[in-house]
Amino acid sequence: MHLLHTTTKKLEEFVNPPEYAILSHRWREEEVLFADIHQEHAKGMKGYAKIEGCCEQARRDGYQYVWIDTCCIDKSSSAALAEAINTMFTWYEDAQVCYVYLDDVADNGDPGIESAFAKSEWFTRGWTLQELIAPTSLFFFDSRWREIGSKNSLAGLLSSITRVHADVLTRVNAKSDKLMTTRVSLSVATKMSWAAGRKTTRPEDKAYSLMGIFKVHMPVIYGEGEKKAFFRLQLEIIRTSHDQSIFAWSNPVAGGHKKGTWPFALYPDYYAKSGDVEDVPSDQWIRYSQEFIGPDAPRLDFAATNDGLDISLPLRPLAHESDEFIALLSCRRRASDGEYYIVGIRLRRSVVNAERYERIDDHILEDIVDTRGEFEVKRIHVSYPLLSDSSNAFFFSTSTSLFVQNVGVEEHGFSMIDMETAPSCGLQMHDSNFVLLMRRPLPLPSPKPPQDFKGSHHLLRTVDSSWLASFTYHNSTTEEQFVVTVGVSWVQDGGPWLRITSEKPPADQLSRLKIDWISYLLKAGKKVTASVKNGGHASAGKKRSIMFDRYSVNITVYGNQ
């Protein structure tokens, strides 16, 4: 950990750091970075005044060292950046005091809900949520470094602004664990709701900035996209938690959601209306289930699989809809009259005579008061949506892996600036190359195959096509950009398909892009092409293996350098 000496303005590295103050702020133009702080030109940068102000305040409070993210993290090192992101909450938690510098607040007078203080950009940013929660001692300052107040003295107002419970901010009832109220007693849905509506410069940071609040760690992969990063965050949370409120989210876009969707939230904003959802502790849920639902206690464990979620839930058919159900989660919320409601979600059976379901009406969270005699506990699989018509289908898993290699991309000045993958597509990084892993179920023939049935390779119905990933490349010198979209056709003799365009295709077209546009002209006689080989040794048109297919994809830029 690097700390900045408040007098010498020199960085020093510590394994066991001394007492230090820490800064929370908004990044602006000309911030003084790790590479700048020891250089003479640093004093002429706009961000240097903020560093001087922080150091002066720390010295007045008796601290020799401060930690400031702009200059204390070596962002040129991916390892240092990943360590900092995974440890950030702890660094703020361990600091003796945190200074929140609000450069957009000019008045340190009594703040109110309509004041410049309450409307500061600081309250809208993703990373500042953990910077508000983690420190025990925190003070706010205006643009002239005049104190506005402390986290404790402003707890009520801060709670109104951020929706974070006041007792979390003031550590009420925390006892020996100073973050007990933050990390244990409040539900996953409640803590997720605090992040709803917050913004980050890099989309993945909406997930990365929540790791400390949930006490999880995961690799930092900039370029994977917001949805992929947030999905990985949820997977890490459920690895050590039985809290089913993680599934108590609702799509903020109302109406028209009969199309099946998967069980995990796509964004933190999906928890905006879940701040009042409470987790029901496991022992209480078992007792409640046995008393009001049925004698069979639901299993508490649940796990994500390669195409969905295995979980035990009490189910009740919706009226007049035998294939649509309400599923109870082991969480509740209190109504205005003080009554507790059990939270439910809507599911639809996706395979006839099988306990395979998909979520529907995902803008709705049900409030169930009376559960007597209406629900039956079942071990089910909530899948990612796979087929538009899955009646009478029987499934097995078929896998496709693609090794994607960049050839001549960096040499011609291009770098990948954005990567977005399908929710059920796995990603592994290998230097500048990567591997995409996709497992999707395909329907087998019906129990009574037709007369022309030829064997296991004959498929009555198939998932037509799946989008796997989109990679955006950019040349900062020529300002050129191209996007490589990769998918797979799941028909019997299909395989990967590629498309190179100047812009990312619209989301509603991704799964339908099957035309191979495998070359794209660049400026100055350059060209980018994409090619596919089966197993690296054969054409992509070669007949697919029914169980596992391997392909290599080369993205090549060539021409005059």
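Glu 31 is buried, with a relative accessible area of 7%, where buried means under 20% relative accessible area, exposed means over 50%, and partly exposed lies in between, using a 1.4 Å probe and protein chains only. What we are looking at is a predicted model, in which local features need pLDDT of at least 70 and side-chain atom pairs count only at pLDDT 80 or more, while totals for chains, interfaces and linings use all residues. Residues are numbered from 1 along each chain as its sequence is written, and side-chain values use heavy atoms, with hydrogens and water left out.

Which residue does Glu 31 form a salt bridge with? The partner is Lys 50, and the closest N and O atoms are 2.7 Å apart; a salt bridge here is a side-chain nitrogen of Lys or Arg within 4 Å of a carboxyl oxygen of Asp or Glu. This pair links distant parts of the chain, 19 residues apart, since Glu 31 sits in the loop between strand S3 (21-24) and helix H1 (48-60), and Lys 50 in helix H1. Helices (H or I, at least four residues) and strands (E, at least two) are DSSP runs, numbered from the N terminus. Lys 50 also counts as buried, at 10% relative accessibility.

Let me turn to another pair. Arg 232 and Glu 224 meet through their side chains in a salt bridge of 2.5 Å, N to O, and Glu 224 is buried at 1% relative accessible area, while Arg 232 counts as buried at 15%.

Finally, salt bridges that share partners join Arg 26, Arg 28, Asp 103 and Glu 121 into one network, and by this rule the count comes to 25 salt bridges.
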